[in-house]
Amino acid sequence: MPDTAIIENNTAKQKPNRVKEALSILFSSKTAMVGLIIVMFWVIVAVFAPYMTKYTPTEQDWKAPNHGPCAEHVLGTDELGRDLWARLIYGARVVLVVLPVTEHFMLPGGTAIWGVLVSLFIGAVLGLIGGYKGGWIDEIVMRLLDAMMAIPVILLYLIIVAAIGASAVNVVIAIAIVGVPGIARLVRSLTLDIKTREYIRAAETRGESAWVIMFVEILPNTRGPIIIDAMLRVGYAIFAMGTLGFLGLGMPPPSPDWGSMVAKGRAFILTGSPWAALWPAIAIASLVVGLNLLADGIREESMRYQ
Amino acid sequence: MKQAENAESVPVLDVRDLAISYQTRKRDVPAVRGVNFTVHQGETIGVVGESGCGKSTIAFGILDFLGTNGKVVDGSIKFMGREMVGTPKDELRKIRGNNISMVYQDPMQALNPSLTIGTQLTEVLTAHQNISHNEARDRCIAMLKRVYMPDPANVLKRYPHMISGGQQQRVIIAMALLNNPSLLIMDEPTTALDVTVEAAVLDLVEDLKNDFNTGIIFITHNLGVVAKVSDRLCVMYAGEMVEEGPIEEMFTNPAHPYTRGLLCCVPRIRDDLSNNRLWSIRGRVPHPAERSSTACIFAPRCDWRIEGKNLKDKSLVKNCTIAHPELVNISEDHRSRCFLGRETIKTPWNEYARGRKKKLIHVPEDDHELTSLENLLTVDHMKVFYKSHNRSLKNILGLAEKKYIKAVDDISLKVVKGSTIGIVGESGCGKSTLVKGIIGLEELTGGKAQLMGLDIDMPVKKRDLSLIRELQMVFQNPDSTLNPSYCIGKQIARPIKKFKTVSRGKEREEVERLLRSVKLAAYYYGRYPRQLSGGEKQRVGIARALASRPSMVIYDEPVSALDVSVQAAVLNLINEIKEELGSTMIFIAHDLSVVKFISDFVAVMYLGQIVEFGPVASIYPPPYHPYTEALLSAVPIPDPKAKKQSIGLSGDVPSASNQPSGCYFHTRCPRRKVLPENGKICEEKAPKFQKLKNGHKIFCHIPADKLLELALKKNKI
């Protein structure tokens, strides 16, 4: 009897294929590549910041305050004679590479990234519960989050940071809280779709608990849209950090914070030395645009051939 | 005869050596190649083949709807003698708009839900022709009448969601015919519809063909449907046309091994009950990127090449793997893409083995003995109602009368241990809700259910783990039955770990054993669902359900989403498993031939009730419940000579929230006229089950003898 069945014998080499496929999506989109180059530039200079400059971010060169770019200082100096390139790349470090918990203890992973990770975690849990359980639990969770979304984002940041004080950890908390409603909504809508699939019915007929269904069966299938959303959110978080810094609610001085650099440098734009404000502004803009390009490129490319 | 008339005139459509490719990220993938056919006026060309064989691509190629990444790379498409390939898009649009129409598979998606049907229909006329709105309206009404739409003037004012699926498809057909097109392309127009509605739509297509003299391309995967409406048949395999010829010759003398395989692997309603195996084609349709251009694409699946069959001269098949076959003439009008040519015809196509004897459950003659059989599952007056959502103020205040949708309405059922019970009925009649109630995914509104003497009338969350493992389910949709994030092995291992069916550390062994039992190799352990074909996914779904070693498995339409050749293999597998493990099954399907093939008992459901129940040997011969009779007569038979008339059921399945009084079926019953006063009793009183022999029960007022007489009389005509 010729029953269909055992067909060609391919040895299993699945994992590398998956990575390869993800990379092929990345490389085939020009938008994503431009974004990746910009983002990688900042990540690399941030990681290797100590080897990229001979100055420290707080070292003052009294001979050359408010100096334009020159051989000694590539991007110039600020009003206290601090090297702007050094401050810029150490500032990128705080955003992307390390989270200074106290003066001596630092966690790997930048402030913006930690903020997004924490909000992802909380948002995903709330979204999963709301979406899967439904009913009054969903109603309560979503209405609370709606109430949060009704407050303008900037105002929410200000309220939170003003209430708990300005420090790197508190900025993480603020970013996390502000990000939760959006992520929860996204995860909830994905959950509502996935929970109608038959593999969820299969899990229910095996008597799996709600937690297993939510975190083992549903959550892994939401990862695609979540990864894209997280990339965009890191961009927003960098933007928010800049805003908070500009308003004097970011990292306490004298730490190199892009937002507060712009705020300080602003006063000298009209006196003929715009550099102190210009470079950090460009840094924020380029990193945010880079992340957006990367996320959009990947999203478009992964949709194209479906 | 029709062809003789039009022999001199230009054919409506002439497709020669058509090849279409799609661009992908890596390279161009050929989707269709070597397609040749001609459509004359008033002629219907059926295009059949499994999914992924390029049927729809041909249609889109003719319409130039290939999207941004598809293009015609070779060949010609001549419409009314005019070359379409290479014509600028603007001109093509004009030609298409007025002369070619298309009917799609899903009527709900083809109609705009936010515009009334009238607006959508009149737009077709006013957009292409210069006529007044009123005139357009009149013509639309006339056309709707033409497609037997009841109350057409009123339908124009309605929105698509307000009419049923069958009526929507009529509107689509009317819309397609409004411009009096020379060519009508129908892409699976009846696939989304129930059998009874399908039969009505097919009758309509047949009528229209005669009246409008339109050339029709009818794309479908269903051989029964194609036999009913087509004059000629094209068989597509893996993007190539492998055989083409007049319909009757194609069904009596198919030449290509693939066509023969297709014809053999469908279960037929007229098959003998003793079959328990179907013919199936080995392997699967190759992916477009794997299709060789220097060998016959069917060679890896071809039994003639591999086993030789009755070939006397084995040298005939030596070219199969080294050269690409061209179309050869079988007879004047019949061509096949096979090196064997006429050689295959010497063996009758239906000589394929159709299997061992089926071991039917012994059905005792009298009722007393019947009750003595050991029941694994008993369902007693089960009710599953849904509250209907009504957002009126009255309802919010709690003043309005509570309305329920009665999905399952008072069903009693006994499942004998070791038997298979098939449940059939149109969509929306409560088949799925019934099994969801049994398995505990829906809460019961009333009634009782027992499995092996233990109560199972609570939802699955409240059941004991040892009870849960005894009852498992296989789902319908192969694409959503497996979690895309985990490899196959882990998904099968999950129930094994959960129910601890084997000792720790032996899970992998057990998974591999299960994979073998569903005829998959051990290396499937590490595969992900997206790397599997539909049939393979369904096998994994079966393996997962069997992993807890249940005493009863519920199959919810496990093969309805599969291609026929794959369907045959999966049905064979289910039968084998049943014989080996002796497990009890509930098998839901809407296809009566499949149910006949697999079941020992059959329950026919209508609007949440069982209207007929009995052993399979008593259900298929008369007497029938009038509903069963209509269902049976609507099944399209893959034989063009069997031009039988189906019993048209008027109207649609009534809403389950507002059932008719008395017998639920009285609004559509074609037989109630035989009762006194035109069946007044049917409107007033619900019937009682008439008990016949072998546990056969019919839920009808008309006496069984009369039903028998009516059915026999109809068969004679």
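These legends describe close-up views of a predicted model.

**View 1. The contact between chain A and chain B in the predicted model.** Chain A contributes 24 residues to the contact, and chain B contributes 38 residues. On the side of chain A that touches chain B, the elements giving two or more residues are helix H1 (14-28) and helix H9 (198-205) of chain A. H9(A) gives the most to this side, with six residues. Sorted by class, the side of chain A that touches chain B holds ten nonpolar, seven polar and seven charged residues.

**View 2. Strand E21 (residues 601-606) of chain B and its side chains.** E21(B) is mostly covered, with six of its six residues buried. Phe601(B), Ala603(B) and Met605(B) point one way from the strand. Val602(B), Val604(B) and Tyr606(B) point the other way. The residues of both sets are all buried.

**View 3. Pairing of E21(B) with strand E15 (residues 420-424) of chain B.** The two strands run parallel and are joined by four bridges. Within this pairing, Gly422(B) has Val602(B) of E21(B) as its bridge partner. Val602(B) is also one of the buried residues of E21(B).

**View 4. The hairpin of E21(B) and E22(B).** Strand E22 (residues 609-615) of chain B runs antiparallel to E21(B), and six bridges join the two. Ala603(B) has Phe613(B) as its bridge partner in E22(B). Two residues lie between the strands of the hairpin. In the turn, Leu607(B) has a positive phi of about 45°.

Technical notes. Residues numbered from 1 in each chain as written. Chains lettered and ligands numbered in written order. Predicted model: local features only at pLDDT ≥ 70, side-chain atom pairs only at ≥ 80, totals over all residues. Contact = placed C-beta atoms within 7 Å. Nonpolar A, V, L, I, M, F, W, Y, C, P; charged D, E, K, R; others polar. Buried ≥ 20, exposed ≤ 12 C-beta atoms within 10 Å, placed from the backbone. Pairing = 2+ DSSP bridges.
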